[in-house]
Amino acid sequence: MFDAAFTPRRRAVLLSMAGVPVLLTACAQTAEDGGGSGGSDAGGGGGELTVGTTDKVTALDPAAAYDNGSSTVWTQCYSYLLNTSIGSEDGRPEPDLAETAEFTSDTVFTVKLQEGLTFANGNELTTEDVKHSFDRQLAIADPNGPSSLLGNLEKVEIIDDLTVEFHLKEPNDQTFPYVLTSPVGPIVDAEVFPADAVLADNEIVAADAFSGPYRITSWKINELVTFEAFADYKGLFGTPTTSSVVMSYYADQNNMKLDIQEGNIDCVWRSLSATDIADLQSDDAVTVHEGPGGEIRYIVFNFKTNPYGEATEDPDPVKAKAVRQAVADLLDRTAISETVYNGTYTPLYSYIPEGLPGSGTQFQDLYGDGAGGPDADRARKRLEDAGVEIPVQLSLQYNPDHYGASSGDEYAAVKNQLEADGLFAVDLQSTEWVQYSKDRTTDVYPAYQLGWFPDYSDADNYLSPFFATENFLVNHYTNPKVDELISTQRGTQDPAEREALFVEIQDLVAEEISTLPLLQGAQIAVSTATVQGVTLDSSFKFRISPISK
């Protein structure tokens, strides 16, 4: 609940993971804890740090992408009003560009900026840029962008050059401070980014429109990015430990593994196979870093094009649901966890992963043998009772480059499990990520693989983006009761009541299965033994600024 010391018109933010009301106020941090202001020179150590990844970038414009590869780049080169300190154990938002941030009424969240903020190109960073950043997210509403996270934002109002108000549609939104730390939160230069269109990557780089710990000095998408420390950065992360960083993109994780072992690169962030990770853990030349879990892997069903969907030749909602439920009956998550991932991913039986309030066992209780295993007899009866023709013809798509090479083995296992008893005939196909991210939002795939790397450490982030009517999946799922419950939990201040709503929401969507949870995984990074400062925490963000060698 809100602290009784605050009047109804002057309240602090109730952070759902912290459990207490606080006023978000910027404070100085020492170099020892990784924070503080950037100062007037770039700082950082000499030499160059090289980070390898297979994670693909969709766009440098924060309005045009909603994936981990893009967001990892944004984390280095853009600033946010609020962010999460390096090493945070609870993921609580703290001021980044902000000096203070607080609820000043039930529906108004007020942010005061630090003085003297600039972009790397010398343009002043004011509340004009703040309003512009959020207004353009809503105006563009790119189907591959994160604008769905702003579903409760009514308008942004400028009070003066340093003060801005966010007016919310619904009161007491427990998630809004977290949203400001998320992929929808980067503040962009209003003099550079158009109000109603996505800006090309090369134009952003040429305009030097950055305000984060680093600026990008060279850019070749999904091949090579060079970062240089931004001298006038004044945000939460402080002066980068290493002034020059190269991010190198690999098409083949085997080559990336070899390069980290031989010291050709300094650090790896996503994605190595479970076998590679197990092998590297016994290699004294490298260090395997593990952070809190939160990543999930799941199947999405498109309600228009999945079998018996709204746009198929034989639309029938009863049959369509029976097919989705039969898939849930046949999956053996434990087998996939052990045979494909060597236990580095574990079975996931609810939409909210283990460790967060509201995590449950809906898909263990409602489907299969009731204990987490498959049950072909139950699936067959479900299909026959609904009048579904057997075998069900199911087109299933997966991505081979964005989620790691093990995705091929994972979805081969899914196909085998669905076909083992003759209930399904699965047409399994794969597409490269750049095309995949476009196809999935245009009804191309009836059922397909996605993974989720959370935007912030709150259980709502596993519900609102997926199941609200205007969701980022664009899979045509809608349920007014679910919309109502999602809205209610956002404004519920009592943690126990909010958790009960999380469970109720999951019970409803677990019956309808617009998505099907499969696995939960931890954060993994690998560095050479001489590298220091790799920190994987509850922010679920990979920050380069504290890393050195």
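This is a predicted model: local features need pLDDT of at least 70, side-chain atom pairs count only at pLDDT 80 or more; totals for chains, interfaces and linings use all residues.

Trainee: How much space lies in the second largest pocket, and which residues are closest to its centre?

Mentor: About 360 Å³ of space lies there. The lining has 27 residues, and Leu 272, Ile 277, Tyr 345, Ala 522 and Ile 524 are the closest to the centre. Sorted by class, the lining of this second largest pocket holds 14 nonpolar, nine polar and four charged residues.

Trainee: How does one find such spaces in general?

Mentor: Rolling a probe the size of a water molecule over the atoms shows where empty space is left. Now the largest pocket: the space in it comes to about 560 Å³.

Trainee: Which residues lie nearest the centre of the largest pocket, and which helix gives the largest share of its lining?

Mentor: Nearest the centre are Ser 148, Gly 151, Thr 469, Glu 470 and Asn 471, out of 27 lining residues. The largest share is four residues, from helix α14 (residues 480-490). By class, the lining of the largest pocket divides into ten nonpolar, eleven polar and six charged residues.

Trainee: And what about closed spaces? How many cavities of 30 Å³ or more does a search of the whole structure find?

Mentor: A cavity is a space where the probe fits but cannot get out. Here the search finds seven of 30 Å³ or more. The largest cavity has a volume of about 360 Å³, and 30 residues line it, with Tyr 66, Asp 67, Asn 68, Trp 452 and Phe 453 nearest its centre. Two or more lining residues come from each of α1, β15, α12 (433-439) and β19 (447-452).

Trainee: Which of the elements gives the largest share of the lining of the largest cavity?

Mentor: That's α1, with four residues.

Trainee: Tell me about helix α1 (residues 68-77), then. How many of its residues are buried?

Mentor: Buried means under 20% relative accessible area. In α1, ten of its ten residues are buried, so to speak a mostly covered helix. Among them are Asn 68, Trp 74 and Cys 77. The buried residues of α1 pack against β11 (214-220), β12 (224-229), β13 (244-249) and β14.

Trainee: What lines the second largest cavity?

Mentor: There are 14 lining residues, and Leu 149, Leu 150, Thr 175, Val 179 and Arg 490 lie nearest the centre. The elements giving two or more residues to that lining are α3 (176-179) and α13 (464-467). The space in the second largest cavity is about 90 Å³, and its lining has seven nonpolar, four polar and three charged residues.

Trainee: Let's step back to the whole protein. How many helices and strands are there?

Mentor: The secondary structure comes to 15 helices and 20 strands. The radius of gyration is 23 Å, close to the 24 Å that the globule rule gives for 549 residues, so the protein is as compact as a globular protein of that length. Buried residues make up 59% of the 549.

Definitions and conventions:
Residues are numbered from 1 along each chain as its sequence is written. Side-chain values use heavy atoms; hydrogens and water are left out. On a 1 Å grid over the protein atoms alone, a cavity is a set of points where a 1.4 Å probe fits but cannot get out, and a pocket is an open set with protein on both sides within 12 Å along at least five of seven lines; lining residues have an atom within 4 Å of a point. Grid points are joined across faces, edges and corners, and a volume is the space filled by probe spheres set on the points. Ala, Val, Leu, Ile, Met, Phe, Trp, Tyr, Cys and Pro count as nonpolar, Asp, Glu, Lys and Arg as charged, and the others, Gly among them, as polar. The radius of gyration is taken over C-alpha atoms; the globule rule is 2.2 Å times the number of residues to the power 0.38. Buried means under 20% relative accessible area, exposed over 50%, partly exposed in between (1.4 Å probe, protein chains only). Contact means heavy atoms within 4.5 Å.
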